[in-house]
Amino acid sequence: MESVGKSMKRVDARGKVTGEARYANDLKPKNCLTAKVVHATIANGRVLSIDTSEAEKVPGVVKIVTCFDVPDIEFPTAGHPWSVEPAHQDIADRKLLNERVRLYGDDIAAIVGTDNVACERAERLLKISYEEYDPIVTVDQALAPGATPLHPNLRKDNVLLHTSFRSGELTYEEAKEKAAEEYGADQLLEHSAVYQTARIAHCHIESATSWAYVDTNGKVTVTSSTQIPHIMRRVISQALGWPVGKIRVIKPYIGGGFGNKQDVLYEPLNAFLTIACGGRPVELEISREECMASTRTRHAVRGEVKALFTRDGKLLARTMDEYSNGGAYASHGHAITASIATIFKDLYHDEYGCRSDATTVYTSSATAGAMRAYGVPQAVFIADCLADDICQAGGFDPLKFRMDNCVGAGFSASNGITYYSYSMKECMRRGAEAIGWEEKRKAYAGQTGSVRHGVGMSIFMYKVGVHPISLETSSARMILNQDGSMQVELSATEIGQGADTVFTQMASEITGITPDRVYIISTQDTDLAPFDTGAYASRQTFVTGKAVKKCGIEFRKKILDYASYMLDRPAEELMIWQNQICEKLPEDESAKIDPAAAWADFPDVDFKPFELKDLPNGEDSILRDTGNIEGKPGKVLLDMKDLAQTAFYSLSRSEHITAEVTSHCKENSFASGCSFVDLTVDMPLGKVKINRIINVHDSGRLINPQLAQAQVHGGMAMGIGYALSEELLYDAKGRPLNDNLLDFKIPTSMDIPDLETIFLELDDPMGPFGNKALGEPPVISVAPAIRNAILNATGVAMNELPMTPQRLVEAFREKGLI
Amino acid sequence: MLQIINMYVNGRREELAVDIRESLLETLREKLNLTSVKKGCGVGECGACTVLVDGVAVDACLYLTMWADGKHILTTEGLKTPTGELNPIQQAFVDEAAVQCGFCTPGLIMTAVELMGKGRRYTREELRKEIAGHLCRCTGYENILNALEKVLGYPKEKEG
Ligand code: FES
Ligand code: FES
C-alpha cells in the first residue's frame with residue numbers, strides 16, 4: 001500500500017502547533033452575548049418559584065428564562081443513531097430547564113447578558129424557593145423501599161432498566177451439581193466477591209462550549225464542541241419542537257471529547273436562548289466545575305460475582321449481579337450497563353455457562369453517559385479482578401489461567417458479532433515475553449518487607465462498531481479541483497484521535513492522488529456535510545473508512561472514464577498512480593500476500609473463514625478492493641492536472657467530477673489485547689510506582705502506526721488515572737466535593753511512566769483496510785492489570801477503584817502488613 | 001473601570017483600554033484575537049493558557065492584564081518566523097505526533113519555549129517536572145516528552 005500503513009504526519013498538526021486551528025469558542029463573533037446556567041442548590045425536589053425581578057435590573061442583563069418558561073417537551077440526549085421503532089428510542093426525560101430537580105446542580109434557569117459579571121450578579125439576586133425531598137445519591141438509597149421516584153411518569157421506581165444475559169443452559173446451582181458429578185465435589189472451588197468501580201469525569205481540556213445565533217435564513221445555527229454534529233441537529237430539533245431543516249450545527253476542531261461530547265449537552269438550551277434574544281449570538285461556555293458535575297460521567301458500577309472452577313484451573317460457571325449508577329437522567333439509558341454485562345460474560349468461556357444481570361438505577365447525582373470504551377473498562381475490571389482472585393484461591397498462574405479460559409478463536413456473540421481475526425492468546429504471549437512474566441512471577445514470590453514488587457495482567461475484547469445493536473451508516477463525498485487535487489467531505493469527526501489524517505490516507509490509497517493533494521474538510525456543517533452519525537464506539541476507521549473506500553472507488557472510476565475519453569483507450573487499461581494516469585499492467589501475482597499465511601506458524605492466531613458473497617449489495621467488492629495495488633503502473637499517459645483542467649473547461653465535454661456515496665455497514669468484529677504491569681508498592685505510604693506498563697493490541701492493520709501508538713499512550717494514561725486516583729466524590733446531600741482539576745486527580749506528566757506499546761497487525765477481513773477498533777480499547781485493561789500487580793506484590797485484593805494511597809494503607813493495615 | 005495600558009504582544013506595541021479586573025487571558029483572546037491562548041479551567045489548574053511574560057511562563061488566566069503594562073508578551077502566534085517556518089519545538093511536536101486534540105498544545109509549547117530560553121539541557125525526568133503544570137488528557141505525555149527531549153534533551157548516543 002502507498003499511503004495506508006505509513007506514519008504520515010497529522011494533517012492538522014501544523015494548525016495546532018501554531019495555534020491557528022480554531023475551536024468553537026475561538027470562532028464566536030465580537031458582539032456575542034454570554035449565557036450562564038443557574039443550577040439548583042438541592043439534590044432532589046422541585047422548584048416552587050423563581051423571582052427574577054431584582055436580577056433583571058442588573059445592568060447588562062438581557063434575558064432571564066426559568067424552568068417555567070421553557071417548552072413542555074422532554075427530549076433524549078444520547079448520541080445514538082435515532083431508532084424509527086419507538087421501543088428502541090432513547091429515553092426522553094429532561095426539559096431544557098427542569099422544574100423537578102433531580103440532582104444537585106440541575107439546570108433550573110439561564111441568564112443572558114452582555115458579560116459574565118452581569119450574569120453572575122443577576123444570579124445572586126434570584127429568589128428561588130424549593131420543595132425538598134431526601135437526596136438519593138447512591139444506588140442503595142435509590143433502590144430502598146419508599147425512595148422517591150425521580151421520574152415517576154417513566155418508571156415507578158428508580159430502576160431505569162433491568163436485563164439478564166446468559167450463556168449455557170444451566171443455572172449456577174445446577175452447574176454446581178453437574179460439576180460435582182463430573183469432576184467430583186472435592187475437585188471444585190468457588191470464589192465470590194463484590195467489586196466497585198468509581199464515577200469519573202472525562203476531563204477533556206476544552207470544556208463543553210457552544211455559541212448560537214439565528215441566521216438570515218431563519219435557521220438557528222449552533223457552533224459546538226461536539227463529536228456528533230448530525231445527531232445534535234436532530235436532538236436540538238426534538239428539544240425545541242422545530243423541524244430539523246431549521247437547525248444547523250457546525251463542528252470545528254474540538255479539544256477532546258472521550259464520549260462526553262457524544263451526548264447533547266447545553267446546545268439545545270443555547271439554541272433556545274438565542275431565539276429568546278431575537279436571534280442575537282449567545283455563547284454558552286460552562287465552567288470546569290459545571291463541566292465535571294453537570295455534564296456526563298463514567299458509570300460507577302458494583303459487580304457482585306460468584307465463580308465455580310476446578311482445582312486445576314478450569315472455569316465452570318460465573319454469575320454477576322451488576323448495579324450501575326446512572327445518575328439523574330437517562331442519557332445513554334441502559335446501553336452501557338448492558339454492555340458491561342455482556343462483555344463480563346463473553347470475555348471468558350465458562351464450561352457450563354454464565355449469567356449476568358444488569359440494572360441501571362436513576363439516582364440524584366451526575367448523569368452517567370458514554371465514556372471511552374462504553375462500559376467495557378468496568379466489565380473488564382470486574383471480570384479480571386475475579387480472574388486473578390480465582391488464581392489466588394486456586395494457586396494458578398494468571399497467564400496460564402487466561403490462556404486456558406479466555407474467549408476463543410471463532411467466538412460469535414449471541415447478537416452475531418464475531419471474531420473474524422483473532423489473536424488474544426498471541427497478544428498475551430507477546431506481552432508476557434516483553435515484561436518477563438515467568439521470571440518476575442518467580443522473583444516476586446514470597447516477598448517480605450514493606451516495599452514489594454508485583455507483576456499483573458489483564459485482557460480485553462472490544463466490539464468495533466455498534467452493528468447490529470443500532471444503525472451503522474456513513475456517507476462520503478469527493479470533489480475534484482482544477483489542479484487535479486481533491487476534497488473529501490465527511491461527517492465523521494476529528495476529535496483529536498487523528499481521523500482526518502487516516503481518512504486522507506485512505507482516500508489517497510484508493511484514488512491514487514497523493515495525500516498532499518487530498519484536502520479533507522475538517523469542519524462539519526450539517527447544511528453541507530453528508531450524513532454520518534459521528535465519533536463514538538471505535539467505529540470511524542471501520543465504518544466511515546468503508547464509506548471513504550466506496551466513494552474513492554466511484555471517484556476513481558469517474559476519473560478513469562474521463563481519462564478514457566481523453567486518451568481514447570478503455571478505462572480498464574488505465575490506473576491512477578501518484579497523480580498520473582498510467583497504463584495499468586497486470587498485477588504481480590507473486591507479490592500478493594495472503595494475510596493468513598503470514599501467521600501460519602502462530603498456533604492461536606485465527607482468521608475465521610467467511611463468505612464475502614453473503615454481504616449485501618456489492619459491499620463485498622468494496623472490502624476486496626485493494627486500491628491501486630490491483631495493478632502495476634506502466635507508462636505515464638496523462639497528468640491529473642491536465643485531466644482536471646479539461647474536465648472543467650472542455651468545450652465538448654465539461655464535467656465536474658464528484659462522487660458521493662452512503663455505505664450501510666452491516667458487519668462488526670472484535671478487537672482485543674492486554675496490559676502488563678510491573679510495579680512497586682511502598683506499603684506504609686500507600687504509594688504505587690509503575691515501573692513498566694505494556695499494552696498489546698490487535699486492532700487489525702494499522703492505518704497510521706505513529707498515530708495508533710499515540711492513541712494507545714493516551715488510553716493507557718487514562719487507565720492509570722482510573723486505577724489510582726480518579727473519583728468524583730459527593731457528600732450525603734448530593735453535593736459534588738471535587739469537581740475541579742485540582743481535587744479531581746487526572747494524571748500529570750509526573751504520574752505517568754514511559755508507555756510501551758506492541759501491535760499485532762492481523763488483517764481483519766471486515767475492515768476496509770484490514771483495520772478494526774483502536775480509539776477506545778487502550779484504556780480498558782490498564783486498571784485491572786495494576787490491581788492484579790498490587791495483588792501479586794502484597795497479596796491484598798483491592799476490590800474498589802480508585803486504589804488511592806488512603807485506601808491502600810487502610811487495606812494493608814487491615815491485613816496486618818503495616 | 002477602564003485604564004489605558006501599553007504592552008508589547010508578539011513584538012508589536014499595543015495600547016489598550018482594559019477593565020482593571022480583566023485577566024490577560026481575556027485580553028489576549030477577546031481584544032487581540034490571539035485564540036491560541038486556550039482556557040481549560042480559568043483558575044490556574046490546567047496550563048492551557050500559558051504565555052510568556054518577559055520570557056517567563058505564566059497562566060494567563062491568573063494574570064491581570066494591568067500587571068502586563070510595559071511588558072513583553074509572547075503567545076504561540078508569535079513563534080513562527082516571518083516567512084512561516086516553525087520554531088524547532090513546534091516542528092518537534094509535529095514530527096513526534098505530540099499533538100492530538102491540540103487544546104493543551106500551545107500552552108505546552110510556550111513552556112518549552114521558556115525552557116529553550118534558559119539555554120541548558122534537560123533530562124527526561126527534569127522535563128517531566130517542568131511540564132507537570134500542564135494537563136493533557138490525550139497523549140499520556142509520552143510523545144510530548146519525546147518532542148521536548150528532541151529539542152531540549154541531551155544529545156542521544158548514536159546506536160550501533
Ligand atoms: S485556563 Fe489558565 S490554567 Fe487553566
Ligand atoms: S492533546 Fe488533547 S489535551 Fe493534550
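Predicted model: local features only at pLDDT ≥ 70, side-chain atom pairs only at ≥ 80, totals over all residues.

Modeller: A disulfide, by the way, is a covalent bond between the sulfur atoms of two cysteines. Take A:Cys291, which is in no disulfide: the nearest cysteine sulfur belongs to A:Cys203 and is 7.9 Å away. To count as a disulfide, the two sulfurs would have to be within 2.5 Å. A:Cys291 is also buried, at 4% relative accessibility. A:Cys354 is in no disulfide either, and there the nearest cysteine sulfur, on A:Cys406, is 15 Å off. A:Cys354 counts as buried too, with a relative accessible area of 3%.

Now for a pair of helices. Helix H11 of chain A covers residues 398-405, and helix H12 of chain A covers 424-435; they pack at an angle of about 165°, their axes 10 Å apart. Because of that angle, H11(A) is roughly antiparallel to H12(A); the cut-off for that word is over 145 degrees. The way H11(A) passes H12(A) is a left-handed crossing. On the H11(A) side, the contact is made by A:Leu399, A:Arg402 and A:Met403, and H12(A) brings A:Lys425, A:Met428, A:Arg429 and A:Ala432.

Next, two asparagines in loops. A:Asn668 sits in the loop between strand E26 (658-664) and strand E27 (670-682) of chain A. What does its side chain meet? One of its polar atoms lies 3.2 Å from the backbone nitrogen of A:Val464, and a polar atom of that A:Asn668 side chain is 2.6 Å from the backbone oxygen of A:His467. A:Asn668 is buried, with a relative accessible area of 4%. Setting aside neighbours within four places in sequence, its contacts include A:Lys463, A:Gly465, A:Val466, A:Phe542 and A:Met766.

The other one is A:Asn579, in the loop between strand E22 (574-577) and strand E23 (580-585) of chain A. Is A:Asn579 buried or exposed? Buried, since its relative accessible area is 6%, and the limit for buried is under 20%. Its side chain and that of A:Thr514 are joined by a polar contact of 2.8 Å. Leaving out residues up to four places away in sequence, A:Asn579 touches several others, among them A:Gly512, A:Ile513, A:Arg517, A:Asp639 and A:Met640. Look at A:Thr511 as well: A:Asn579 is 68 residues from A:Thr511 in sequence, yet their C-alpha atoms are 8.9 Å apart in space.

Key: Residues numbered from 1 in each chain as written. Chains lettered and ligands numbered in written order. Heavy atoms only, no water. Helix = DSSP H or I, 4+ residues; strand = E, 2+ residues; numbered from the N terminus. Buried < 20%, exposed > 50% of the residue type's maximum accessible area, 1.4 Å probe, protein only. Polar contact = N/O pair within 3.5 Å; in protein donor to acceptor, adjacent residues only side chain to side chain. Contact = heavy atoms within 4.5 Å. Axes fitted to C-alpha atoms, helices over the stretch in contact; angles between N-to-C directions. Parallel < 35°, antiparallel > 145°, perpendicular 65-115°, else oblique. Left-handed = near helix turned anticlockwise from the far one by under 90°.
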